[in-house]
Amino acid sequence: MPTLSPAAWDDPDVAALTTAQQAELRVRYDGAGEPGVPPSAADVAVVLVARDDDGTPIGCGALRPLAGAEAEVKRMYVVPAARGRGVSRLLLAGLEAEALRRGWTTVRLETGVRQPEAVALYTSAGYRPVEAFGHYVGVDDPYAVFFARELA
């Protein structure tokens, strides 16, 4: 059973996972980069790493604070070999618990239409489509879709 542990944004395991995530997305989106402002150590408050029984990092996710009691999910990723085992659900639940611990009651995210498994995960977890938010407002990205969930 995978476990979650906190990590720093600049942790080497996190860097390897987020680099793999970005490489995979660039393939899916014909080389296009992400909309909005990429996360950084200066603006990410929570990072969780999912590890296999032997300690191998198999996934990650992060939270970036937004205005008020809101946070944004960033860099949700599970390595291909670990997909289909519930790791993404474990990560999302862990991020939501961390959000609540910090008083963030709304979680928002941006994903893309070429990530049907991500859209399915979020909708099955209670996230609903919303308009662009924060630094995504006014960004013209035909692939971007936005979701939010009220946690409390």
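Close-up 1. Leu 63 touches Val 44, Ala 45, Val 46, Ala 71, Glu 72, Val 73, Leu 95, Glu 98, Ala 99 and Trp 104, leaving aside residues up to four places away in sequence. The structure shown here and in the other views is a predicted model.

**Close-up 2. The largest nonpolar core.** This core has 24 residues, and the members that touch the most other members are Leu 63, Val 73, Met 76 and Tyr 122. Two or more residues each come from strand E2 (46-51), strand E3 (57-65), strand E4 (70-78), helix H2 (87-101), strand E5 and helix H3 (116-124). Helix H2 gives the most to this core, with 5 residues. Apart from this core lies another one, of 9 residues, including Trp 9, Leu 17, Val 47 and Ala 62.

**Close-up 3. Pairing of strand E7 with strands E5 and E6.** Strand E5 (residues 106-112) pairs with E7 in the antiparallel sense, over 7 bridges. Within this pairing, Val 107 has Arg 149 of E7 as its bridge partner. E6 and E7 are also antiparallel and are joined over 3 bridges. Here the bridge partner of Pro 129 is Phe 147 in E7.

**Close-up 4. The aromatic pair of Phe 133 and Tyr 136.** A search of the whole structure finds 5 aromatic pairs. In the pair of Phe 133 and Tyr 136, the ring centres are 5.1 Å apart and the planes stand at 70 degrees; planes over 60 degrees apart count as edge-to-face, so this pair is edge-to-face. Both Phe 133 and Tyr 136 are buried. For Phe 133 the relative accessibility is 6%, and the residue therefore counts as buried.

**Close-up 5. The aromatic pair of Phe 133 and Phe 146.** The ring centres of Phe 133 and Phe 146 lie 5.9 Å apart with the planes at 80 degrees, so this pair is edge-to-face. Phe 146 has a relative accessible area of 12% and is buried.

**Close-up 6. The aromatic cluster around Phe 133.** Phe 133, Tyr 136 and Phe 146 form one aromatic cluster. Phe 133 is paired with Tyr 136 at 5.1 Å between ring centres, and with Phe 146 at 5.9 Å.

Methods
Residues are numbered from 1 along each chain as its sequence is written. This is a predicted model: local features need pLDDT of at least 70, side-chain atom pairs count only at pLDDT 80 or more; totals for chains, interfaces and linings use all residues. Side-chain values use heavy atoms; hydrogens and water are left out. Rings of Phe, Tyr and Trp (its six-membered ring) pair if their centres lie within 6.5 Å; planes under 30 degrees apart count as stacked, over 60 as edge-to-face and the rest as tilted. Buried means under 20% relative accessible area, exposed over 50%, partly exposed in between (1.4 Å probe, protein chains only). Two strands pair if DSSP finds at least two bridges between them. Helices (H or I, at least four residues) and strands (E, at least two) are DSSP runs, numbered from the N terminus. A nonpolar core is a set of buried Ala, Val, Leu, Ile, Met, Phe, Trp, Tyr and Cys residues joined through side-chain atoms within 4.5 Å. Contact means heavy atoms within 4.5 Å.
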